[in-house]
Each structure stands twice: as C-alpha cells, then as structure tokens.
Amino acid sequence: RPKSPLTSGGADETSSSYFYSQKSFQTIGLSDKMVGVVEAMRINRPSKIQALSFSTVLSGKHAVLGDQTGSGKTLAYLLPIVQRMEERLSEGKLQRSPERAPYVVVMTPTTELA
C-alpha cells in the first residue's frame, strides 16, 4: 500500500524507532502550554502520525489520517485542535455561536465499518 502524506506506514512495523518521530513536540509547533499537558501525560515525543499531521490539522484544513491501532491518531487530531481553540480563545476570536454550532467535527469509524 503506498504511503500518503498523512499516513505513517503499515501495521507490520511496530518498533519504537518506527513509532516515534525524530522531531520533538516543540519542533512540530506544539505550544509550550500544550507541551506541558502532554508531558504531564508522560508523552515525550510525538508519534510519526502526530508529527506528520500537526501543521495540517492546526491550519484548519480537512484531514483524513490513517495508521495502525495505537499509533496516536486521536491525539494527532486533538492536540492541534485544542491548541488552535486555546489560541483563538486567548485572542478573543473564539465565541459561542448563537446556533450552538460545533467548532470541530471528528469522525472515526468503528471496527464494524473497517
């Protein structure tokens, strides 16, 4: 299966050197506040899927991520989304819409759909 820009690889490669990116959370653009959050969860380096997808998701572009179970896809979506919401909130640019519309939608298939 060919690798897409937002897919880190196949499920048969499970070694630690394959799983983690060589980049740090700071290098991929995670804010100091968010780095503190992931470090409190004892996560010291992003996985490859997190490093590959961070700037795309942070910029607000549509993204579809694919990788093996346990690769960190949930945080690949949530870290940049929460960071962006935090930045917009501190700038006064994030306000509740009158329609109470969601800020973001993350859809995940279940195993039954896979």
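Guide: Helices are DSSP runs of H or I with at least four residues, strands are runs of E with at least two, and both are numbered from the N terminus. By that rule, Tyr20 lies in the loop between H1 and H2.

Guide: What you have above is a predicted model, where local features need pLDDT of at least 70 and side-chain atom pairs count only at pLDDT 80 or more, while totals for chains, interfaces and linings use all residues. Residues are numbered from 1 along each chain as its sequence is written, and side-chain values use heavy atoms, leaving out hydrogens and water.

Visitor: How many helices and strands are there in the chain?

Guide: Five helices and zero strands, so from the N terminus the elements read α-α-α-α-α.

Visitor: What makes Tyr20 buried, exposed or partly exposed?

Guide: The cut-offs are under 20% relative accessible area for buried, over 50% for exposed, and partly exposed in between (1.4 Å probe, protein chains only). Tyr20 has 31% relative accessibility, so Tyr20 is partly exposed. Across the chain, buried residues make up 28% of the 114 residues.

Visitor: And what is Ser24 called, and where does it sit?

Guide: Ser24 is in the loop between helix H1 (16-19) and helix H2 (25-28). Its relative accessible area is 23%, so Ser24 is partly exposed too. For Tyr20 and Gln50, 30 residues apart along the chain, the C-alpha separation is 9.0 Å.

Visitor: What about Leu52?

Guide: Leu52 is in helix H4. With a relative accessible area of 40%, Leu52 counts as partly exposed. Its C-alpha lies 8.5 Å from that of Ile28, 24 residues away along the chain.

Visitor: What makes Arg42 stand out in its phi?

Guide: Arg42 is not a glycine, yet has a positive phi of about 65°. Most residues other than glycine have a negative phi. Arg42 belongs to the loop between H3 and helix H4 (48-58). With 74% relative accessibility, Arg42 is exposed.

Visitor: Why are H3 and H5 called what they are called, in terms of their angle to each other?

Guide: Axes are lines fitted to C-alpha atoms, for helices over the stretch in contact, and angles run from 0 to 180 degrees between N-to-C directions. Helix H3 (residues 32-40) and H5 have axes that come within 10 Å and cross at roughly 140°. Under 35 degrees counts as roughly parallel, over 145 as roughly antiparallel, 65 to 115 as roughly perpendicular, and the rest as oblique. So H3 and H5 are oblique to each other.

Visitor: Which hand does the crossing of H3 and H5 have?

Guide: H3 passes H5 in a right-handed crossing. The rule looks at how the near helix is turned from the far one by less than a right angle: anticlockwise is left-handed, clockwise is right-handed.

Visitor: How do you know that Lys33 and Glu86 form a salt bridge?

Guide: A salt bridge needs a side-chain nitrogen of Lys or Arg within 4 Å of a carboxyl oxygen of Asp or Glu. For Lys33 and Glu86 the closest N and O atoms are 3.0 Å apart, so the pair qualifies. This pair links distant parts of the chain, with Lys33 in helix H3 and Glu86 in helix H5, 53 residues apart. Lys33 is exposed at 55%, whereas Glu86 is partly exposed at 31%.

Visitor: How many salt bridges does the count come to?

Guide: Two. Lys93 and Glu91 also meet in one, at 3.7 Å from N to O, and both of these residues are exposed.

Visitor: What makes Leu78, Val82, Tyr103, Val104 and Val106 a patch?

Guide: Patch residues have over 30% relative accessible area and no salt bridge; like charges are joined within 9 Å, nonpolar side chains (Val, Leu, Ile, Met, Phe, Trp, Tyr) within 5 Å. Val82, in helix H5 (residues 73-90), is partly exposed at 40%. Val104, in the segment after H5, is partly exposed at 39%. The five form a nonpolar surface patch of about 380 Å² accessible area together, by the Shrake-Rupley method with a 1.4 Å probe and, for residues, only the protein chains shown as cover. Val104 and Leu78 are 26 residues apart in sequence and 10.0 Å apart in space, C-alpha to C-alpha.
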